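Trainee: I have a new structure to read. Where do I begin?
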Amino acid sequence: RDHHRVVLLTGKLQTLNPKAVLERGYAIVWNAAGKAIHDPEDFSAGLGIRVEVATGEIDCTVNEVTRK
């Protein structure tokens with residue numbers, strides 16, 4: 001019974017693990033200060049960002065921001 005609960009909780013933790021999210025094709029965008037950013041208000045043309053994907057990181061510069 002306890003073993004079953006541990007297995008269920010482990011599965012839930014793995015699902016929430018940011019690295020597991022990256023494995024599903026998502027990315028995390030970081031600013032120069034190392035803070036994850038997600039709101040277009042936090043971006044501006046010329047901003048240097050780092051994009052983290054499952055297998056590495058990409059250094060980028062924002063060219064344009066489109067807000068919806």
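Mentor: Begin with contacts: a contact means heavy atoms within 4.5 Å. In this protein, residues 24 or more positions apart account for 23% of the contacts with a separation of 6 or more.

Trainee: What should I know about the model and its numbering?

Mentor: This is a predicted model, where local features need pLDDT of at least 70, side-chain atom pairs count only at pLDDT 80 or more, and totals for chains, interfaces and linings use all residues. Residues are numbered from 1 along each chain as its sequence is written, and side-chain values use heavy atoms, with hydrogens and water left out.

Trainee: How many helices and strands does the protein have?

Mentor: Helices (H or I, at least four residues) and strands (E, at least two) are DSSP runs, numbered from the N terminus. Here there are 2 helices and 3 strands. Their order from the N terminus is α-α-β-β-β. The radius of gyration, taken over C-alpha atoms, is compared with a globule rule of 2.2 Å times the number of residues to the power 0.38. The protein has 17 Å, well over the 11 Å that the rule gives for 68 residues, so it is more spread out than a compact globule. Its C-alpha trace spans about 55 × 25 × 20 Å along the principal axes.

Trainee: Which residues form the largest nonpolar core?

Mentor: In soluble globular proteins, nonpolar side chains tend to be buried together. Buried means under 20% relative accessible area, with a 1.4 Å probe and protein chains only. A nonpolar core is a set of buried Ala, Val, Leu, Ile, Met, Phe, Trp, Tyr and Cys residues joined through side-chain atoms within 4.5 Å. The largest one here has 6 residues: Val29, Ile37, Phe43, Ile49, Val51 and Val62. Buried residues make up 15% of the 68 residues.

How values were computed
Buried < 20%, exposed > 50% of the residue type's maximum accessible area, 1.4 Å probe, protein only.
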